[in-house]
Amino acid sequence: MAKVTNETQTRVVTAGRALLAVSLCVLYLIPVVWMFSTAFKPRKAIISVPPQIFFTPTLEGFVGLFYKRSTLTPAQMEQYRQRTDLTWAEKVALEQGLAITRQSDYVGQLRNSLIIAGGSTVLAVVMGVLSAYAFSRFRIKGQADLEFFILSTRMLPPVVVTIPIFLMYRKLGLYDTHFGLIILYTVFNLSLSVWLLKGFIDEIPKEYEEAALIDGYSRLQAFWKIVLPQAITGIAATTVFCLIFAWNEYAFALMLTSNRARTAPPSIPSVIGTSGVDWAAIAAGSLLFLIPVAIVVFAMRRYLLRGITFGAIRQ
Amino acid sequence: MQSATANTTIPSSTPRRPVSLGDPAIQRLFLWPTIILLIAFNIFPLLYSLYLSFTDYRAISDQPPQWVGIQNYSDILNDEQLWVYFRNTGRYVVTAVALETLVGFGIALLLRSKFWGSGLVTTLILIPMMSAPVVVGLFWKLIFNPNFGIFNYLLGYSAGKGPDWIGNGDLAMWAIIIVDVWMWSPYVMLLSLAGLSAIPDYIYEAADIDRASPLYQFFRITLPQVAPLLLIAILFRTIEAFKAFDLVMGLTGGGPGDATELVSVQLYRIAFLGQFNTGKASALAYIVLIIIIGISNLYIKYLNKVKAG
């Protein structure tokens, strides 16, 4: 009898805890949901008091993000309405009395972000997997110190190293170039990539390679045909973490680029509309930036803990 | 017969290897690119800026650096205004990290025993942590807007009557702390959850048999067992908060006045805006660096300890 009441009690406690956790989660996610809805709100709904929850969705924000627009006079608007060759973006802009003049700089900046994040990630993972293999399989003089040094590079505040790198880049002609940022992001991702991948490679039994070496494989062949395929999950997880860092990076991009190689993060704050801050455009930009990250968080949830602790904690 | 067996066995035990590199060569080939790149982009710049910190160099002037000795350092240490920025930074780091620890650990305790949907909840609240801080900061500016933001609305103020979180000098720091706690409490939570799940059940069972109170169990079992991971979370957050730059730039830009001007933001201003005071900025950077190295050493030491244990 006593046992039964005890069980009901535990069940009630668990249910209460679950309820509390779920409601906290809902409260916690309000800003994300708000960002999502703001991206699709017309201007009036954004600044309405009290805040609107229901509204007619529009793509104004996205058009504002991707195109430069100019105001139309009523006569011009009539003219525009007659035309049948308008693109969807032009139609959305016309609703606000605007005409599209050209693509905004943001399109190019997004392209820069893709090139730089992609390029630096490939480099960081390739170099990382090679070094991680060396650390994992060979006895290296001063290994502990080297590993410590590699991790410590991650702890440096970007602002501190940027001053000499800025001067160096200006001399070498790397200021405001894609290559300059790619190398810099590679360097900053290397510490994570080496540490994470070393953990993954440590988990692959040495016996596999040893057997292959006895069978006549060279060391390089064993690495290529035995270790790499086994480490593929680790390589995927590492790639994703490097991509996120490079994708989100702000400080280096702000200080080491101006027009040509500028990425999206330092640009989103300067998306200013025709009258005041264009919140819908900012929300649209933020949303486009968040979606890939959110997908990745879901896909990689098993490795998140490992990623954020540089591979130290595994589950 | 004997020679025939020898002839057939020798090729298979020492097979014809393709022309290949020996282990030492491979080791160098695999390791050196990484080491060279890291030295070129970390050690060299650090030495260069150490030199610059003793000069009056300005990156926008044509004059070559002039040696000024410890002038920059003494200027910085005697600059009352810079101490204000250090105080701001300290207040921000201590408050934000303390709150993150409490909130993160609290949520971890809630999510500790699995329930239907707990996995989804855990994953969903990790999204903000992985987003770009500058974007998060910028977006919270809209949320904090005194006229049409939802923050004041949810607090129950009517439009325009609530506090102006970004525009008010006393509140702006709290605005940054709130966003930082929102973003980073899940980090503490994730590490705490890992620590909690590693505590074996039998310890609690033994404590139950001994009729230990829940409070006693919490302080004598749960807390000490989670402590190493919790400490890692706290150290990492301290380092990151000390470096905070993106979030502040997105949310307040250091304002209003210099209410939220952190050392890292000030460093950016001295180095890259206005006068481009490269020498002085390098000196300040070195002071920040020494503080960070101190905390980082602790962090890496504990990380290795946890990894080994």
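This is a predicted model: local features need pLDDT of at least 70, side-chain atom pairs count only at pLDDT 80 or more; totals for chains, interfaces and linings use all residues.

Colleague: Where in α14(A) does a kink lie?

Modeller: The kink, of about 25 degrees, is at Leu290(A), shortly before the proline Pro292(A).

Colleague: How is the packing of two helices described?

Modeller: Two packed helices are described by the angle between their axes and the distance between the axes. Here, α14 of chain A (residues 279-299) meets α7 of chain B (residues 133-144): their axes come within 10 Å and cross at roughly 145 degrees. The crossing of α14(A) past α7(B) is left-handed.

Colleague: Which residues of α14(A) and α7(B) meet?

Modeller: From α14(A) come Trp279(A), Ile282(A), Ala283(A), Ser286(A) and Phe289(A), and from α7(B) come Val135(B), Leu138(B), Phe139(B) and Leu142(B). Sorted by class, this contact has eight nonpolar residues, one polar residue and no charged residues.

Colleague: How many residues does the contact between the chains take from chain A and from chain B?

Modeller: Chain A gives 79 residues and chain B gives 77 residues. On the side of chain A that touches chain B, helix α1 (residues 2-39) gives the most, with 15 residues. By class, that side of chain A has 64 nonpolar, 12 polar and three charged residues.

Note on methods
Residues are numbered from 1 along each chain as its sequence is written. Chains are lettered from A and ligands numbered from 1 in the order in which they are written. Axes are lines fitted to C-alpha atoms, for helices over the stretch in contact, and angles run from 0 to 180 degrees between N-to-C directions. Helices (H or I, at least four residues) and strands (E, at least two) are DSSP runs, numbered from the N terminus. A crossing is left-handed if the near helix is turned anticlockwise from the far one by less than a right angle, and right-handed if clockwise. Two residues are in contact if their C-beta atoms, placed from the backbone, lie within 7 Å. Ala, Val, Leu, Ile, Met, Phe, Trp, Tyr, Cys and Pro count as nonpolar, Asp, Glu, Lys and Arg as charged, and the others, Gly among them, as polar. The bend at a residue is the angle between axes fitted to the seven residues ending there and the seven starting there.
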